[in-house]
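This report describes selected helix packing and local backbone features. The sequence and the structure are shown first.

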Amino acid sequence: MMWAAVVLVCAQVEAGGAAERAQRLWSGGERAEAVKVLEAALAAAPGEVALRRQLSEALLALHRYSAALECAKGLGRDGAALRGAALFKLGRHAEALEELPSGDAASLRLRIDAGEALGQFGESDRALEAWLALVGGDHLEAARLRGLRAAREGKYELAAGEFEQALKRDPCDAAALFGLGQALKRLGKTQRALEVLAEHRRITPLLDQLEFAERAVDMDPRHGSNWAAVGDAQRALGRMELARAAYARGAELAKPEEAVAIALRRARLESEDAKDVAAALALLEAAGARNNDARLWVRAGDLLLERGEREKARGYFERALALRPGDAQIVKRLEAAKGL
């Protein structure tokens, strides 16, 4: 018995060490390696509940839903929320409802959508009321969800008002846009409905692009190009502050071969969207101090030439030409700056 107790203690110590190592790897962006550490540790100590939960959560975060579901089966009742979330993501809504608890906000939020998907509107409405009681009526998603319920009940004036409120909070809420368009059609406001539905069609592929980019970050947040792709998607949606933040993170992580492309994209946001040429030039100069690349100086020269600042533009084009002697496009720009 004493030897068995010693073995158990050693196993627990080893499991704890693996959990901490995996957490460090995860925090450092090495997520695939973190999962491997957890899988190996759990294989050696399958009864370690904390390890199993940590691995299940990691797999869910990496969108490996089937693996997360299988792993969470060993958690008993305590793993219901994890299993329910995995089942929901797999589109198995009826099974998800059997698992998802009714006491936490995240699970209730999924119960709302699962009930709607199954046409079990009583279930959806109960979950909505419980969710609102926990998160409050001012939650970002609250107005849209109330609008969906009102539209389902045929209360189109109320639904339109809720959807309008949701869109004030997030103009890129696709479900609110679609719901508003449909409600307006029901109210006979055809022209406005068509405009709203056209906007819904415009942003839907952009939201898909954003989701794809964010998944790449979830899988490996260490790559600057992954963050830059998020920035591109946020910029296309008109979310400039979020785009700036993503580009800035991408620039921090960028490898030398990525840095110039990211700097050019950040500069375009500032010059084209924010109309702040000074900010764009500052970004190009900062990037050029790290990577003396002709593309940066050409872009800076173009910005100044567009503003009629030929002498300053000329200086940038000369720097670019020194890096690419004889480049016909740079020569043409330099001649324009000289007024030739």
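## Helix packing and local features

Helices α13 and α14 run roughly antiparallel to each other, a term for angles over 145 degrees. Their axes come within 7 Å and cross at roughly 165°; such axes are lines fitted to C-alpha atoms over the stretch in contact, with angles from 0 to 180 degrees between N-to-C directions. Helices here are DSSP runs (H or I, at least four residues) numbered from the N terminus. The model is predicted, with local features requiring pLDDT of at least 70 and side-chain atom pairs pLDDT 80 or more, while totals for chains, interfaces and linings use all residues. Residues are numbered from 1 along each chain as its sequence is written, and side-chain values use heavy atoms, leaving out hydrogens and water.

The crossing of α13 and α14 is left-handed, meaning that the near helix is turned anticlockwise from the far one by less than a right angle; clockwise would be right-handed. Residues in the contact (heavy atoms within 4.5 Å) include Trp227 and Val230 of α13 and Leu242 and Tyr247 of α14. By class, this contact has 9 nonpolar, 4 polar and 3 charged residues. Nonpolar covers Ala, Val, Leu, Ile, Met, Phe, Trp, Tyr, Cys and Pro, charged covers Asp, Glu, Lys and Arg, and the others, Gly among them, are polar.

Helices α15 and α16 are also roughly antiparallel to each other, and α15 passes α16 in a right-handed crossing. Among the residues making the contact are Leu264 and Arg266 of α15 and Leu283 and Leu284 of α16. The contact of α15 with α16 divides into 8 nonpolar, 1 polar and 2 charged residues.

| Helix pair | Axis distance | Crossing angle |
|---|---|---|
| α13 (residues 224-236) and α14 (residues 240-253) | within 7 Å | roughly 165° |
| α15 (residues 256-273) and α16 (residues 277-290) | within 8 Å | roughly 165° |

Asparagine 226 is located in α13 and is buried, at 16% relative accessibility (buried is under 20%, exposed over 50%, partly exposed in between, with a 1.4 Å probe and protein chains only). Its side chain reaches the backbone oxygen of aspartate 220 at 2.9 Å. Leaving aside residues up to four places away in sequence, asparagine 226 touches Ala213, Ala216, Val217 and Asp220.

Most residues other than glycine have a negative phi. Histidine 63, in the loop between α3 and α4, has a positive phi of about 65° and is partly exposed at 23% relative accessibility. Lysine 275, in the loop between α15 and α16, has a positive phi of about 55° and is exposed, with a relative accessible area of 65%.

Technical notes. Helices (H or I, at least four residues) and strands (E, at least two) are DSSP runs, numbered from the N terminus. A polar contact is a pair of N or O atoms within 3.5 Å; within protein, one must be able to donate a hydrogen and the other to accept it, and residues adjacent in sequence count only if both atoms are side-chain atoms. Angles under 35 degrees count as roughly parallel, over 145 as roughly antiparallel, 65 to 115 as roughly perpendicular and the rest as oblique.
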